[in-house]
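The model comes first, and my entries follow.

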Amino acid sequence: MSVVKINVLTVPAEQRETLEKRFASRAHAVEGSDGFEWFELLRPVEGTDNYLVYTRWRDEASFQAWLEGPMKAAHQGGSESGERPRPAASGSTLWSFEVVQQAAPTSA
C-alpha cells in the first residue's frame, strides 16, 4: 500500500497568505512525479498555527526520489536577484505513515 507524508509547518498568522501564495504558484509541480498519488494543503481553522502538507506516494522510494530531485531543486532556487525569499514557516516536522486501510465512496 501507499505511504503518506505530512509536513507540519508552523506558520505565524502574518505569514499565512505568503505561504498559501507560494504553494499556489507551484501548483502542479509535483503531479508529474513518478509514484505521486495525492496532495492537499490543509489550513488550520482554530487552536493551532500548523498547516499540514499532505502527500501520498506509491512507496517510500518514490517519495525519496522526489525529495532528492524536484523538491530539492525547487527549494534551492532563488529570486532573480539571487536571494532566496524568507521562509513563511517558522518550523517544520515531517510525519510518515503507511496506509493500512482505505475506503472510497460507493456509487449509488
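I began with S2, which counts as buried because its relative accessibility is 10% (buried means under 20% relative accessible area, exposed over 50%, partly exposed in between, with a 1.4 Å probe and protein chains only). I noted that this is a predicted model, in which local features need pLDDT of at least 70 and side-chain atom pairs count only at pLDDT 80 or more, while totals for chains, interfaces and linings use all residues. Residues are numbered from 1 along each chain as its sequence is written, and side-chain values use heavy atoms, with hydrogens and water left out.

Next I looked up where S2 sits, and found it in the segment before strand 1 (strands are DSSP runs of E, at least two residues, and helices are runs of H or I, at least four, both numbered from the N terminus). Leaving aside neighbours within four places in sequence, S2 is in contact with E37, R56, W57, R58, E98 and V99, where contact means heavy atoms within 4.5 Å. The side chains of S2 and E37 are joined by a polar contact of 2.5 Å (a pair of N or O atoms within 3.5 Å; within protein, one must be able to donate a hydrogen and the other to accept it, and residues adjacent in sequence count only if both atoms are side-chain atoms).

Then I turned to the sheet, which is open and has 4 antiparallel strands in the order 2-3-1-4. Strand 2 (36-42) and strand 4 (91-98) each have a single partner strand, so one side of each is left without a neighbour in the sheet. Strand 2 is joined to strand 3 (residues 50-57) by 6 bridges, pairing being counted when DSSP finds at least two bridges, and F36 stands opposite W57 in strand 3.
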